[in-house]
Each structure stands twice: as C-alpha cells, then as structure tokens.
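Subject: Structure handover

Hello,

Here is the structure I said I would pass on. My notes on it follow below.

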Amino acid sequence: MAMPINSSNGNSVPLDDTEQKQRLLEEAKAELTKKDAIMEPTAEKYVEQFLEVGGTPFNVMEMLRLGYEGLAAMTNAVNKDMGSAFSSDVSTAITDAVSRKIIERFDPEKADAEFSQTNQLPDHIVEMLSHQTWRKTIYMLSERYPDSTMLSAALQHIANQGHQAEMTSLSSASLQTHVFYSLLVECLEKVSPADEENLHEKIKELVSMSCQREQTYLVAQYLLHSVRQNMGSKAVGVWRLQEELESHMLDKYKRPQLAINIKLLLDGLVVGGGDRIADAVASIVQGAYAAPGDVASLYNEYYGAVSGGGSGPPIRILQNECVLAPMIDQAFGGLWGKASQDQRSDLLNKYIWLIAYATVGTDRPMTSTAKDELHKLITEMKELRSELPVHPLQTQIYQVIPKVLHWINTPILARIILLWIRDVTTYDSFTYYNTYFTSTEVPTLLLLLEEIAYRHPLLKPLVFAAYRDSFESRVPDFLPEKQIKLQKMVINRMAVLAQLDYALPILNYFSAKRNDIDESVMVYFLHRLLVQFEAPYPDQFCKPVLELITHTIDSVKAGKDKEVICIRDFLASINDDLARSLLSNLPDPTTSTPISIE
C-alpha cells in the first residue's frame, strides 16, 4: 500500500479545497476496497483519511466488509486442520510456502519507493525480522536484489540485533559497506577470546565473510595489517588470521597473483612501479617458478640489507608459500630423481640463503646469534643436499637414517627430506617398491613420513601427498593382489595420519576417488579409519562416511567380520535415517547362527 497523506503525518488537508478532498477520498476508497484491506498495517490511517475528507463510518464498514476474504484466518484454519489430520506441526511447510510466494512476488522498486518516504522499516517488517524464518527470506531476497535500499536497511537491522553469524556467507552483505564493517568487527570480537576448541569455527566465520569478493578481502587484510603493525611482536595471532584469509582466497579464486599483489601493496611495494622485489615476487607467483633472475634480484635486496646491518625488506614476502615453494622446488625438487646434480653452485647458494633466511629471519635487524643460526641452517641444507643418496639401495638408506632423524627436527629440512622420499619412491615407475616391498614389513621411507607428520603438524598435507603418490602407483610386475596389498599398507600409514588430526582431508580424498578404488580396498579403509575414533562423530565426518558405506554396501556385506562389526557400530551410533537403513541391510556377525552338523 502507498502511505496515506493526512494530518497525522504532518500534511494538513485544506477542507475547503473540493478537488483535494475528492482526490484523498478516492485514494482512501481505493485502498480500503482492496482484498483484506483491514489486515493491512496502514488500514487505520486510511480510515482516518477517509473520514476526515467527508466519508461516513457506514461506508468504511461496508468497504472493509466487501473486501474481506479472510486469507489470514483461512491460513490459520488450514494450518490447524492439517496439523490435526497428519498429527504433526505443519506450520513450517506453510511458512515456507508463504516465503516462496514473497520471494516470487517481491517488487524491489515498490519496496524502495515506500521505504524512501520514511527511511524506516515498517513495524510489521521489524516484527518479522525477529523470526529466523523471515530473516532467511530477507537473505534470499538480498542475494537476488543486492541494490535494494529497503533490503539493505533490513540487513543492517538484523546485524544490529546480533544475528551477524547468519549473514557471514551472504555476498549481498559484503556489498553494503555499513553492514560489512559491523560484521567484520563482530567476527574479530568473537575470534579474540576464542580458545583452541572453538577457534577454528570462529576463524571460519571470519574467512567466509571476508573473502566474499576481492574488495572485502582487501579491507579485511588492510585492517589486520594495521593491527599487526601496532601490536609489533605480539601480533602472532593476527598473522595467523591473515594467512587463513590468504589461503582461503587462493582456494576460492585460484588467483595467487591477486593475493600477493595485495600483500605487496600493504607492505608498500607496488608491482610495475620499478620496485625490484615486487616485480621479482610477482614474476615468481605468476609463473609458479623461481627463475634465476628473480632469485638474484631477491637475494641482492635481502642479503644486501642484512649484511649492511639493516632490517631488510618485509620477511613475510619471502615466507609466502607461493614464493617459498618454487624456490625449494628449484633448489631441491626432483634432485634425487636425476642422473646428476648439475646446478650452478653460485646460483644454488642464493636459493639456499633465501630459503634459510625465510625460515629464521625476522623484520628486525639480525643479532649475532641469529646470524649464527642462519649460517648453521645453510650448512645443514648443503650437507643434506650432498649426503642424501640418489637411487639408494636399502643399505644406503639404513646408513643415512641417523642423520635424517636429526635433520627432520628442523621443519625446513624435514620438508626437503620429504622431497627426497618422494623422489626415491616414485623414481622409474616406483621401482623402489618393486625391489623392497614385502607384505610383512613397512618400507623405511614411509615410516620416516610418519615421523615427519608427528614432529611437524604443518607438514601433514605434504606427507599426505607423498602417501597418495604411493597409493595411486602402478608398480611394474606387480600382480593385482600385490598391488592391493601395497594400497592397504599405505592405508595403514594414512590411518596413523588421521589419528594426528588429519582425518577429514583423507576422508575427502577417498570420497572423491571412490569410483577408482577397488571396493574391497575401500571397505578396508573404512575399517581402519573408524577404529581410530569413537562416537559422537561430527557431521562433516559422518556425511562422507555414510556416502562411502552406501557406495560399497555389497562389499561391506561380504567383508570380514571385524570390518562388518566396526561399520555396524558406527551406523548404530548415528541418528540418521540413511544410517538406520544401511544398518538394517548389514548382517550381524555376533548373532549369526552356526551351521549344525548332523
């Protein structure tokens, strides 16, 4: 309805103006004769307008009576009758139907025109926003009509009422500057006091809201960058938030150049502005390759500053994974899968120095102790590079194990040893397994991977990547039975990794590969995974496990008793219709009737 014009809202009616009175009379009549006009929130004002300009109470009653259809009362009656008929609460279904109709018939131009008259939300809209169902309706409308001023005001009202957590995934919320800032502050306030148990969830909320689009990502990073500068050495937590945002942005948009350009910009470095560091870093990130010329530029800038006693350019640029990983790959990647190590020593020294400095350096001038630590790490990296054997025999691996166990105490050396292990195991179509794999003994190199994952949790993704190499291998001369035994042996190692709080990535990998993996191997995986954990299980764990059980249900039925019992126990602990259905289809080995022999 359009808003009435009368004395109650500040517009007095000149009663001697016949034309004006007739216009207002007709306007009021048009509104009061609409369907269910008496149910409209503006009905009272139009009644007053009609009477003020000469209308009679009888005519008001007659117009409201003729227009009354009782849709609201009928809806309540239908709700009551359906509830009685089906012995359940059907109000949710009816509310959803009304919500769909609102979305279908919503007119943003009309809504904005009415809102512009008062710049306030109508009382009935404010009342609706106190209920989550109608807030969801507003969210869906705001995604469809992001430029609507009325919907923007509704989002702001919702945020002011403390429902920010519902809005973090809305792209429309990030379009409204005032809404976005209040959401950002709210998310940061939640993260600050969070403990380790709920920190991940709070960070996830912050990341989801901040990475809706490039502009919001820039604003969030700028704010965190400013906070980190003000906090100085106490800003480790802020640094972590920035890394989480960057990681999510890379996964979502697959544009490392965007993330690194913003990082460089915040550090005062402009790509294409004649800054050698910015140009070198941009080149490395764009090509995912640390070219010698770019490395030389970075080395000259960083080494020159450090040797001169200065603090050097921002260390965080070198520590970025998109910069550090290509340098490690150039210096050590594929090294032990080659016939010879033919890299120039002067260039290699630059790679190693930059990698070591990224590991131990800070944004403050290096002390003598820090320089000693840097020199020690450079020496160990060179020793590791020269002493780890190429295409080793098993006896050579045993000989180098003591040094390897010492080296993997240092995260960057452990990461390089990971490259060595992958080179050795994958060389020449996995001939390492062809020579040394037996079904009764775990290869030493895989045990080293397990040790690395235990000592350095941040390297678990790289350890899992190495496990995947072996799991997906097709070893020459292996019969299918032996290939499956190798896969099961790798699954046993993955199960240990799952126990080290890495279950979901492993589970997601098997879910994605379920059509390519032998079902007996999949059942073995399910058993080895489930024996590691106890109920209650989180939803993000249950869903993919149920999908895998559904996919392999026939093979589960034919599985070993211990596998069937383990999977049955899992299904019995899940309050879910699919779990109950799967459970009813599985035999219970503990109650099976033995075959009698006459």
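**Cavities**

The second largest cavity has a volume of about 30 Å³. A cavity here is a set of points, on a 1 Å grid over the protein atoms alone, where a 1.4 Å probe fits but cannot get out, and lining residues have an atom within 4 Å of a point. Grid points are joined across faces, edges and corners, and a volume is the space filled by probe spheres set on the points.

Before the rest, the basis: this is a predicted model, in which local features need pLDDT of at least 70 and side-chain atom pairs count only at pLDDT 80 or more, while totals for chains, interfaces and linings use all residues. Residues are numbered from 1 along each chain as its sequence is written, and side-chain values use heavy atoms, with hydrogens and water left out.

The lining of the second largest cavity consists of Ile491, Met494, Ala495, Ala498, Ile506, Phe525, Arg528 and Leu529. Helices α26 (480-512) and α27 (519-530) each supply at least two of its residues, and the largest share, five residues, comes from α26. Helices are DSSP runs (H or I, at least four residues), numbered from the N terminus. By class, the lining has seven nonpolar residues, no polar ones and one charged. Ala, Val, Leu, Ile, Met, Phe, Trp, Tyr, Cys and Pro count as nonpolar, Asp, Glu, Lys and Arg as charged, and the others, Gly among them, as polar.

In total there are two cavities of 30 Å³ or more. The largest cavity holds about 50 Å³ of space. Around the largest cavity are Tyr217, Gln221, Gln242, Glu246, Ala259, Ile262, Lys263, Leu266 and Arg316. At least two lining residues come from each of α13 (214-231), α14 (236-253) and α15 (256-266), with α15 giving the largest share, four residues. This lining divides into four nonpolar, two polar and three charged residues.

**Salt bridges**

The whole structure has 13 salt bridges, each being a side-chain nitrogen of Lys or Arg within 4 Å of a carboxyl oxygen of Asp or Glu.

Arginine 316, which also lines the largest cavity, forms a salt bridge with glutamate 243 (3.7 Å, N to O). Arginine 316 is in helix α18 (residues 315-319) and glutamate 243 in helix α14, so the pair ties together parts that are 73 residues apart in sequence. Arginine 316 is buried at 5% relative accessible area, whereas glutamate 243 is partly exposed at 32%. Buried means under 20% relative accessible area, exposed over 50%, and partly exposed in between (1.4 Å probe, protein chains only).

Another salt bridge joins glutamate 104 and lysine 101 at 3.6 Å, N to O. Both residues lie in helix α5 (residues 91-105), three residues apart, about one turn of the helix. Glutamate 104 is exposed at 55%, and lysine 101 is partly exposed at 47%.

Glutamate 31 pairs with lysine 34 in a salt bridge, the closest N and O atoms being 3.4 Å apart. Glutamate 31 is buried at 8%, while lysine 34 is partly exposed at 36%.

**Other sites**

Tyrosine 68 sits in the loop between α3 (57-67) and α4 (71-86) and is partly exposed at 44%.

Aspartate 428 belongs to helix α23 (residues 411-436) and is partly exposed at 49%. Between aspartate 428 and histidine 391 there are 37 residues of separation in sequence and 9.7 Å in space, C-alpha to C-alpha.

Regards

Terms used. On a 1 Å grid over the protein atoms alone, a cavity is a set of points where a 1.4 Å probe fits but cannot get out, and a pocket is an open set with protein on both sides within 12 Å along at least five of seven lines; lining residues have an atom within 4 Å of a point.
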